[in-house]
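Good morning, and thank you for joining this meeting.

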Amino acid sequence: MPQASSTNKNNKIPQKSLENKDISFVVVIIPTKEQVDVNLFREIVEKSGGNVEDYDLDKSQREIKEILEFLEIDYIDLLPILREENIDNTFYFETNIHFNLDGYERVKEIVYENIQEKIWKLSFL
């Protein structure tokens, strides 16, 4: 659970003002390429002499989602889908941390589908 001193319900004031204007706010959680490509992560750790079991690749996502849920902020976590669909670093450039064209296209589709689903659910409220 987030610490009351670092995260409290008063932080929802901007979200409430958005709701008053009928505007939705959604956070997109973007994973690193090492989180998505577990084989790449394993290779990096082993080259440095480390042990893969000493790391928790999903920890940052869990902590971010815990805070967002506590604050009642909607989110889209890209990690599960990108990890599932990844084949040898499908979505990122080899030489840096940014999405390649396939990555941007897939993220666009995921975000669009999630927003469409939220709109569809809201239409039945």
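Tyr92, Phe99 and Tyr104 are linked into a cluster by ring pairs. Rings of Phe, Tyr and Trp, the last by its six-membered ring, pair if their centres lie within 6.5 Å; planes under 30 degrees apart count as stacked, over 60 as edge-to-face and the rest as tilted. The whole structure holds 3 aromatic pairs. In one of them, the ring centres of Phe99 and Tyr104 are 5.5 Å apart and the planes stand at 70°, so this pair is edge-to-face. Phe99 is buried, at a relative accessible area of 7%, whereas Tyr104 is partly exposed, at 48%. Here buried means under 20% relative accessible area, exposed over 50%, and partly exposed in between, with a 1.4 Å probe and protein chains only.

A word on the source. This is a predicted model, in which local features need pLDDT of at least 70 and side-chain atom pairs count only at pLDDT 80 or more, while totals for chains, interfaces and linings use all residues. Residues are numbered from 1 along each chain as its sequence is written, and side-chain values use heavy atoms, with hydrogens and water left out.

Let me turn to the overall arrangement. The protein has 6 helices and 2 strands, and from the N terminus on its elements run α-β-α-α-α-β-α-α. Helices (H or I, at least four residues) and strands (E, at least two) are DSSP runs, numbered from the N terminus. The protein has 125 residues, of which 27% count as buried. Among contacts with a separation of 6 or more, 65% come from residues 24 or more positions apart; contact means heavy atoms within 4.5 Å.

Which residues form the largest nonpolar core? There are 11 of them: Val36, Ile76, Leu78, Leu79, Leu82, Phe91, Tyr92, Phe99, Val107, Ile110 and Val111. Helix H5 (79-85) and helix H6 (101-122) each supply at least two residues of this core, and H6 gives the most, with 3 residues. By a nonpolar core I mean a set of buried Ala, Val, Leu, Ile, Met, Phe, Trp, Tyr and Cys residues joined through side-chain atoms within 4.5 Å. In soluble globular proteins, nonpolar side chains tend to be buried together. Leu78, a member of this core, touches Val28, Ile29, Ile30, Pro31, Val107 and Ile110, if residues up to four places away in sequence are not counted.

I come now to H6 itself. This helix has 22 residues and reaches 32 Å from its first C-alpha to its last, close to the 32 Å expected at 1.5 Å a residue. The expected span is 1.5 Å times one less than the number of residues.

Why do the buried residues of H6 lie on the same side? The residues concerned are Gly103, Arg106, Val107, Ile110 and Val111. They cover an arc of only 130° around the axis, which puts them on the same side of H6; the arc is that of the directions from the helix axis to the C-beta atoms. Strand S1 (26-29), strand S2 (74-77) and H5 are among what covers these buried residues. The face of H6 turned away from its buried side carries the exposed residues Leu101, Tyr112 and Trp120.

Arg106, in H6, is buried at a relative accessible area of 14%. Its contacts, leaving aside neighbours within four places in sequence, are Ile81, Leu82, Glu85, Phe91 and Glu113.

Another buried residue is Asp77, with a relative accessible area of 13%, found in strand S2. A polar contact of 3.3 Å joins the side chains of Asp77 and Lys65. Such a contact is a pair of N or O atoms within 3.5 Å; within protein, one must be able to donate a hydrogen and the other to accept it, and residues adjacent in sequence count only if both atoms are side-chain atoms. A polar atom of the Asp77 side chain also lies 3.1 Å from the backbone nitrogen of Leu79.

Finally, consider the loop between H5 and H6, where Asp88 is located and Asn89 is found. Asp88 has a positive phi near 50°, though it is a residue other than glycine. Asn89, not a glycine either, has a positive phi of about 60°.
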